[in-house]
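Good morning, colleagues. Please keep the display in view as I speak.

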Amino acid sequence: MPNTSFSEIIQTRSGEPLHTCYFCQKCTAGCPVAYAMDYKPAQVVRLILLGRRDTLLRSNAPWLCVGCDTCGARCPNDIYLAPVMDVLKEMALEAGLAPAEKKVYALHQSFLDSIKLWGRTHELSMLMEYKLRAVDLFTDLDLGLRLMLKGKIALLPERVKDLERVRALYRRVGR
Amino acid sequence: MRKIGVFVCHCGLNIAGTIDVQRVVEEIKKYPGVAFATDYKYMCSDPGQALIREAVADYGLDGVVVAACSPAMHEVTFRKTARAAGVNPYLTEIANIREQISWVHQTQPEEATRKAIETIATIIEKVRYDEALEPFSLPLVKRALVIGGGIAGMTAALHIADAGYPVVLVEREAQLGGKMRQLSGLYLNFDAAPDLLETKIAAVMQHPNIQVLTNAEVVELGGYVGNFTVKVSSGFQVPGSRLQVPGSETAQSGINLAPETRNLEPETQNPEPETFTFDIGAIVVATGFDLLPKSELGEYGGGRPPDVIDGLQFERMLAGGEIRRPSDGAVPKEVVWVQCAGSRDPELHMPYCSKICCMYVAKQAIAYKQRVPDGQAYVFYIDIRSQGKGYEEFVQRAMSEYDVLYLRGKVARVFEEDGRVVVYGVDTLSGKAVEVQADLVVLATAVVPSTGARDLAQRLRVSTDEYGFFSEAHPKLRPVESLTAGIFLAGAAQFPKDIPETVAQASGAAAKVLGLFAQQEMVQEPTIAFVDEELCAGCGLCVAACPYEARVMHSWKPIAVVQTALCQGCGACVVACPNKASSLRNLSTEQLLAMMEPVL
């Protein structure tokens with residue numbers, strides 16, 4: 001106690017200066033999804049500095065973060081937590097842990113697959129993949145139907161012109 | 001028969017809005033002895049004061065009553081006006097018809113007007129019997145005594161001596177320097193305390209105007225401001241007092257054990273204390289502080305575990321060079337600082353904040369990390385109070401540059417286990433319990449008054465607060481004066497202070513001393529007590545009653561006498577005296593009875 005290397009790693013990978021945190025809780029106060037998090041944004045910073053690796057890699061907070069950057073925009077010490085949350089998600093997957101929010105992870109994967117396939121999202125196929133991955137077939141079906149009737153959801157995908165360049169990005173990160 | 005003028009002020013509508021001032025003037029004109037009465041919008045204004053001066057000249061007045069605001073507001077103003085017009089200032093009195101009448105009886109104008117007339121009549125009676133007085137002049141000894149040779153005392157002594165006045169500096173220990181002698185680098189810039197201190201000590205020792213007495217204590221104080229008589233015993237050892245010898249054990253053990261205080265052997269002392277007597281005009285008390293003994297803190301080991309030390313012990317380690325823990329001389333890899341150890345604890349210890357700990361702990365943690373870069377420093381705190389120029393930035397540097405882990409929460413328990421010191425605490429920011437297996441624990445123990453401060457305060461007849469810190473005359477407006485005239489305060493003797501604040505207060509105390517010494521002689525208000533020698537039976541009740549030590553028995557006559565310089569004119573002796581031998585000038589019993597006449 002504490003596992004200082006853990007906080008060093010996160011600070012290096014995220015590039016965020018967590019040691020300057022005042023714990024004023026302004027990030028928590030402004031976060032639109034903090035209500036659903038098991039550890040609030042400022043507590044996540046605290047647990048990182050305390051080296052509580054296991055607690056954090058099992059926390060749902062990184063998965064619920066929507067990356068809106070409200071925390072960083074308001075932080076007196078210019079700490080953005082979205083990159084920190086990304087590092088925590090990556091580390092959880094690297095450690096072979098099941099994501100604390102499976103549906104969020106399923107959506108991320110479906111999104112990435114869609115981009116890999118078309119170079120941009122195709123909502124219909126992406127959401128179908130998500131529903132299969134998340135084993136959640138019926139939620140929001142009525143909403144999807146209404147959007148389709150209004151022509152907001154394209155039936156057929158469109159491919160970008162230079163798909164090869166997008167695919168190259170995927171290859172670079174080994175996916 | 002005295003010819004008295006009455007001047008009724010409207011104070012805009014403050015008075016005239018409630019009281020019928022015209023009617024007051026008409027009624028008062030009829031009062032016996034009143035030679036002139038008038039009213040004016042603002043009596044304190046230039047035209048108002050001119051009106052008083054003209055009336056005194058035109059009507060030959062020899063007594064003045066101004067019916068206006070509280071005497072605390074403008075008594076001085078109108079007494080000056082009267083003096084300029086040729087009336088003795090002590091024959092000029094204020095009738096307070098604003099604070100005590102118009103403001104409090106706004107809904108009853110009729111009664112207020114009647115009360116104003118009666119109040120003015122009582123003051124007219126007072127003036128009728130007032131004596132023309134002149135302020136006393138008292139001789140003034142222009143030599144200062146500074147008690148305590150730490151940074152506060154030395155600073156004050158140097159300022160006073162530099163201005164050309166002789167100073168007697170009394171230090172209880174064998175050497176000058178006080179607590180600063182035990183410190184390593186100072187916070188913000190890590191200036192070496194010993195270097196700064198040696199320069200100061202050399203300046204004091206070589207100063208032609210400063211006489212330094214070490215191993216010395218003030219044993220007796222007599223007299224009053226400007227004319228104190230002080231007895232100093234040199235070679236004096238207070239029972240239980242200890243001499244601290246920093247760094248003395250380093251050479252023998254090879255390990256920088258925190259050198260404990262040790263009793264000085266009696267043989268090494270001057271076997272026969274010498275007593276010196278000085279005539280002193282003003283005194284600066286700069287007796288500094290001590291730390292609450294660790295033995296008081298049972299939950300933090302009660303002083304038993306060798307690896308649980310206090311802030312000054314850690315300072316001495318830093319000053320000695322290497323950081324090694326007392327038990328086995330190993331370099332500690334996990335060091336915990338416990339802030340508020342005995343401070344901010346109204347139930348068990350001291351309710352106040354000791355003020356200096358937040359900053360010195362940050363400094364010590366940085367200094368530790370500079371010497372042991374792979375070590376881990378933890379600081380448990382309740383709040384961090386870093387109020388000062390550059391202080392907050394310094395604490396932030398400890399956290400961000402030196403990776404000192406600050407944990408918000410008070411430590412519950414510190415105990416020894418398997419050669420380590422276990423610290424139970426909590427991190428309230430994450431809500432997690434924290435347990436640290438530490439190699440060394442530093443308690444930032446509460447700052448308490450210097451040992452013997454209470455006894456000294458009694459000898460000096462200066463009041464202390466409930467903890468033994470010397471009381472200042474006013475918490476905001478008179479922070480360097482004691483309640484005893486001529487005795488000033490500097491440094492942690494008054495309350496915990498860091499070095500810049502201590503130096504500031506010491507400079508302020510020196511300025512107050514110099515302000516006193518700049519006078520040719522001392523001027524004292526004449527409205528004080530006196531004793532009718534014919535009536536005094538020498539019972540001594542007034543001596544006991546006097547809160548200012550202004551009453552003493554005559555050296556050979558069986559009567560009590562007033563030490564005029566000390567008397568504040570409170571009247572306690574008048575009440576205590578069974579023979580009516582004690583009276584106050586211009587507030588005699590006859591006068592009071594006459595003043596009651598108009599309201600009965």
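A salt bridge, as I use the term, is a side-chain nitrogen of Lys or Arg within 4 Å of a carboxyl oxygen of Asp or Glu. Under that criterion, a search of the whole structure, over all chains, returns 34 salt bridges.

Two remarks on the basis of these values. The model is a predicted one, in which local features need pLDDT of at least 70 and side-chain atom pairs count only at pLDDT 80 or more, while totals for chains, interfaces and linings use all residues. Side-chain values use heavy atoms, with hydrogens and water left out, residues are numbered from 1 along each chain as its sequence is written, and chains are lettered from A and ligands numbered from 1 in the order in which they are written.

Let me turn to chain A. Its secondary structure amounts to 11 helices and zero strands, where helices (H or I, at least four residues) and strands (E, at least two) are DSSP runs numbered from the N terminus. The C-alpha trace of chain A spans about 55 × 35 × 30 Å along its principal axes. Chain A is divided into domain 1 (4-94) and domain 2 (102-172); domain bounds here come from an automatic or database domain assignment. Taken over C-alpha atoms, the centres of these two domains of chain A are separated by 28 Å.

On a 1 Å grid over the protein atoms alone, a cavity is a set of points where a 1.4 Å probe fits but cannot get out, and a pocket is an open set with protein on both sides within 12 Å along at least five of seven lines; lining residues have an atom within 4 Å of a point. Grid points are joined across faces, edges and corners, and a volume is the space filled by probe spheres set on the points. By this rule there are six cavities of 30 Å³ or more.

Which residues lie nearest the centre of the largest cavity? They are A:Cys21, A:Cys24, A:Cys27, A:Cys75 and A:Ile79, out of 15 lining residues. The volume of the largest cavity is about 140 Å³, and helices α2 (26-30) and α3 (41-49) of chain A each supply at least two residues of its lining. That lining divides into 12 nonpolar, two polar and one charged residue. For these classes, Ala, Val, Leu, Ile, Met, Phe, Trp, Tyr, Cys and Pro count as nonpolar, Asp, Glu, Lys and Arg as charged, and the others, Gly among them, as polar.

The second largest cavity holds about 110 Å³ of space. It is lined by 15 residues, with A:Cys31, A:Pro32, A:Cys65, A:Cys68 and A:Cys71 nearest its centre. Two or more residues of this lining come from each of α6 (70-74) and α7 (81-94) of chain A.

I move now to the interface between the chains. In terms of contact, meaning heavy atoms within 4.5 Å, 19 residues of chain B meet 17 residues of chain A. The two chains bury about 1400 Å² between them, with carbon and sulfur atoms giving 56%; buried area is the accessible area (1.4 Å probe) that two parts lose on being put together, summed over both. B:Leu405, B:Leu429 and B:Lys432 supply 36% of the area that chain B buries against chain A, more than any other three residues. The count between the chains is one salt bridge: the side chains of A:Arg46 and B:Asp427 meet at 2.8 Å, N to O.

Chain B has four parts: domain 1 (4-133), domain 2 (136-236 + 273-288 + 450-522), domain 3 (241-269 + 298-445) and domain 4 (525-584). The centres of domains 2 and 3 of chain B, taken over C-alpha atoms, are 30 Å apart. Between these domains, 23 residues of domain 2 are in contact with 29 residues of domain 3, and about 2100 Å² is buried, 63% of it on carbon and sulfur atoms. One salt bridge is counted between domain 2 and domain 3 of chain B. In chain B there is also a salt bridge between the side chains of B:Glu125 and B:Arg128, at 3.1 Å, N to O. These two residues are separated by about one helical turn, because they are three residues apart in helix α6 (residues 109-129) of chain B.

Finally, the second largest pocket, whose volume is about 790 Å³. Of its 29 lining residues, the closest to the centre are B:Leu483, B:Thr484, B:Ala485, B:Gly486 and B:Gln568. Domain 2 and domain 4 of chain B each contribute at least three residues to this lining.
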